[in-house]
Number of protein chains: 4
Amino acid sequence: MNFIFKIACKDEKGLVHKISDVLLKNNLNIVKNDEFVDREKSLFFMRTEVSGIADPQKVMDQIKDQLGDCNIELSKNTPKNIVVLVTKEHHCLSDLLIRNHFKDLNFNILAVIGNYESLKDMTEKFDVPFHYISTENITREEHEIQIMQTLKNYEFDYLVLAKFMRILSTNFVEKFKGRIVNIHHSFLPAFIGANPYRQAFERGVKIIGATAHFVTDDLDEGPIIYQDIIKVSHSKTAKDLANLGRDVERNVLANALKLVFEDKVFIDGNKTIIFE
Amino acid sequence: MNFIFKIACKDEKGLVHKISDVLLKNNLNIVKNDEFVDREKSLFFMRTEVSGIADPQKVMDQIKDQLGDCNIELSKNTPKNIVVLVTKEHHCLSDLLIRNHFKDLNFNILAVIGNYESLKDMTEKFDVPFHYISTENITREEHEIQIMQTLKNYEFDYLVLAKFMRILSTNFVEKFKGRIVNIHHSFLPAFIGANPYRQAFERGVKIIGATAHFVTDDLDEGPIIYQDIIKVSHSKTAKDLANLGRDVERNVLANALKLVFEDKVFIDGNKTIIFE
Amino acid sequence: MNFIFKIACKDEKGLVHKISDVLLKNNLNIVKNDEFVDREKSLFFMRTEVSGIADPQKVMDQIKDQLGDCNIELSKNTPKNIVVLVTKEHHCLSDLLIRNHFKDLNFNILAVIGNYESLKDMTEKFDVPFHYISTENITREEHEIQIMQTLKNYEFDYLVLAKFMRILSTNFVEKFKGRIVNIHHSFLPAFIGANPYRQAFERGVKIIGATAHFVTDDLDEGPIIYQDIIKVSHSKTAKDLANLGRDVERNVLANALKLVFEDKVFIDGNKTIIFE
Amino acid sequence: MNFIFKIACKDEKGLVHKISDVLLKNNLNIVKNDEFVDREKSLFFMRTEVSGIADPQKVMDQIKDQLGDCNIELSKNTPKNIVVLVTKEHHCLSDLLIRNHFKDLNFNILAVIGNYESLKDMTEKFDVPFHYISTENITREEHEIQIMQTLKNYEFDYLVLAKFMRILSTNFVEKFKGRIVNIHHSFLPAFIGANPYRQAFERGVKIIGATAHFVTDDLDEGPIIYQDIIKVSHSKTAKDLANLGRDVERNVLANALKLVFEDKVFIDGNKTIIFE
């Protein structure tokens, strides 16, 4: 069986040697190993995939003993459990439901929460529970409290905002820090804000794109995981651009989630380190 | 011999018929024909390439008679004459000098004007005159006056800003309206302004790009001709991004100029219509 | 209401004039017009989208009268009816079922025919009839006869091979000439034949791709409609490449069908002319 | 000062630990470290960039002592010396001469050898010696002997075939094994052989590409370093495709050389392992 250790700490000499020492003493074989040092911040990032018979928790504790003040995560390379938040647009959710159904990416959708009922039928077609939590006549705070109460029923690893068109409060974001992934309908940092395809049309750009990122308190400024683009011509209307954009969005979100769920992504301030 | 007519006017019924009538009466064969109607503005754009023996000026006059208040340009598909403005960076100029030398794209460089002497040797290596017009101790206005005096010696079709790092005055831009092409070191409208690669590095983007556009009075807001991007990872420094970006810049500028010099580009307000 | 005329004939002077004459006399406005002349074969291709009140069939007849021996198709810009043929892989079919359900592309899936039962549940989830036609114990000829009998129940415009892993007979292909679209799991003409992802892995390529094409008698040699690629690295196994390839395949097929169903694609021998 | 060790050996447990032990004992800091295990062949590849004060040759010897039968290369991250072989086409050579002149990529061109005189002027413009070695009236063997005699005057790291349109003998290739990089004018393995752009035109492909690879005895089958593509439409002639292809070729070659010259590329049979 394979384990993955994700290690992040202050850079210093001898880290690799200390870690490989623990792995060797536990008779583990390094299958894949990636390291990166952020020189501006003097931070060390390492992702090690090992194979062998050992108690991974014990190995992790030994590494911690060696390294001291470090951030270490252990992953057993099993599917991640997720809850998906949506509004009305189906394209990202549909793609995730299909992949969930056929086990194409390593995740399980535990539930979908929507602030409209539009995507209930689609979700239930695939035997996934759908929770309709309306925003009508309640404050954002009350809406988020209802979402959090629903989330209490699920042991999830990540929240995926699959075209969830609401801004989350600082409080909510802090509660699930580093665990919320959003798909943004533009090639950030271009066209921040609403109606990016209309903006793109008005500006006459020759390329449109989408961005998947972790959600932080600072709207549209979270660490970027994946971006992609397509070329467009003058003959496309704003509506055409939105249609074309939707395909890019679902592909970008799927690619980003694949990276995150394979434990290949580290958050380094407002950036990501990704070992593909 | 082939001629190209570029026609832009208010859209109305029967335009194609009137134009094709003139072409047929002059015994011309349509080799390639592209049309587009900007429905929001109700504008008609047509590019017709014809072959046959005729006096193209006479044909154009006849089309004008038929269409009334129209903007018609005639091109004989011959190389365009250009003057290139540069500052210190060589990569776009070098590429243009090589292409000029081997006649790879349909243009002739008449002269290069630089506000530093750095690129003088390179330019003269290819037997192209280089004019050094320093900005030292003079106002922007005075600098532009000197450039304009130099330009008077050349009958040019287009001015190409090949990493010319100065902002041109409204007056200058108006004088050469629709005839100045600039390469911008970012994927507009992202990272407007200075140091885009440093900005991109700080933001942790996964894609960088470049934009070639016509210069208008509104800085970085001129009609976009061509854009392209490359994917980048966390392992690239701001300096790496700038290096990678330079290759994108020279390719984007060359692609844009190819389109413009083949008379495939119409300006439609702050956008371009391009018949590839 | 808008109509589209697709006209293909031997090139000669005056074609555009004759066509625009008919359109004008019928008081039709040209909304979008594209022409191309294949000079090697001296063939003329034109796609004209018109708006106005007229009997399109009558207009087409008048154009035919003017042009003589020409191939003219009339389209009313309505959704195309299709039947989808599949084997076991779900990714292209799933994508089409979702788009069909939400009317994202202009087509209706009338039925799915599979030589395995694997995709029956998925298809029926979306209320589309699934016909299981096994190949067991019967010849290819008998299998195709059964398919054709099933097809008789449906008035379809196109057959879409969405990972249908059987080679169709000359007879079958001829019967539906120009109406069968296939998705090929490689960037043709590279890796023709079986197991392209294993082949790509063995060869150590840095790019993999997919190709959508019309099916002709000559296996893997039909007119190409759309191709796309993604970059890959040494760290991907043959299985990884196949997984990544599946996403490219479904995107390429969807893009190709969009072009075909919007009547933008002409077949010109073993090539396509596409007016985007 | 930074050194790079490139290590390739049979995979076994404890390799990373042994190597990091030597580095630590020499008081070296790991700046960047990449590893990959080819599981099918059970081969271990590691690239370690270290900083610190040490005798790199001594460190390498110590690693060799620890690992036994291993292939280790030491690089001091200095520019590589190259000799460029050309025929008539200028686009790749021009690009390399410009980059050489401005020190854009980490290489020095020691000399250019051409079997035509066409590129002599261009080469000498940049003060690089050009050796004209004609193929007229001599056998391939004699031609290669003359090239090898010229090469004896230069201490080069790599030979770059920048559109050298001759097939090299097994003997020649063996002599410079792993040190010859070629740019191939197609997206291998599509369109192997001559006239790939004509072939691409005839086939009606929607994408064309180029491939940079190490040269081995098996023509067009050497380990691929880098590939890229551009999209094309039906409106391009075979000549257009060749023109467009030239830009892709020079970009692909430059990208491949950058990777090779930064010691990021390992050869693994007929594939490459690349640590970007």
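**View 1. Surroundings of C:I225 in a predicted model.** C:I225 counts as buried because 27 C-beta neighbours lie inside 10 Å; a residue is buried if 20 or more other C-beta atoms lie within 10 Å of its own, exposed if 12 or fewer, and partly exposed in between, with C-beta atoms placed from the backbone. C:I225 belongs to strand β11 (residues 224–231) of chain C. Helices (H or I, at least four residues) and strands (E, at least two) are DSSP runs, numbered from the N terminus. Leaving aside neighbours within four places in sequence, the contacts of C:I225 include C:V181, C:F214, C:L259 and C:T272; two residues are in contact if their C-beta atoms, placed from the backbone, lie within 7 Å. C:L23 is 202 residues from C:I225 along the chain, and their C-alpha atoms are separated by 29 Å. This is a predicted model, in which local features need pLDDT of at least 70, side-chain atom pairs count only at pLDDT 80 or more, and totals for chains, interfaces and linings use all residues. Residues are numbered from 1 along each chain as its sequence is written, while chains are lettered from A and ligands numbered from 1 in the order in which they are written.

**View 2. Helix α1 of chain C.** The buried residues in α1(C) are C:L15, C:V16, C:H17, C:I19, C:S20, C:V22 and C:L23. In chain C, they pack against β1 (2–10), β2, β3 (43–51) and α2 (56–67), and in chain B against α1 (15–25) and β2. Just after α1(C) comes C:N27, with a positive phi of about 65 degrees.

**View 3. Where chain C meets chain B.** Each chain gives 15 residues to the contact. On the side of chain C that touches chain B, the elements giving two or more residues are α1 (15–25) and β2 (29–38). The largest share of this side, 8 residues, comes from β2(C). By class, this side of chain C has 5 nonpolar, 5 polar and 5 charged residues; Ala, Val, Leu, Ile, Met, Phe, Trp, Tyr, Cys and Pro count as nonpolar, Asp, Glu, Lys and Arg as charged, and the others, Gly among them, as polar. Strand β2 (residues 29–38) of chain B runs antiparallel to β2(C), and 3 bridges join them. Two strands pair if DSSP finds at least two bridges between them. In β2(C), C:E35 is the bridge partner of B:N33.

**View 4. Helix α3 of chain B.** The 12 residues of α3 (residues 91–102) of chain B should span 16 Å at 1.5 Å a residue, and the end C-alpha atoms are 17 Å apart, which agrees. The expected span is 1.5 Å times one less than the number of residues. Of the 12 residues of α3(B), 10 are buried, among them B:C92, B:L96 and B:I98. The buried residues pack against elements of chain B, including β5 (80–86) and α8 (238–261), and against α3 (91–102) of chain D. B:K103 follows α3(B) and has a positive phi, near 55 degrees.
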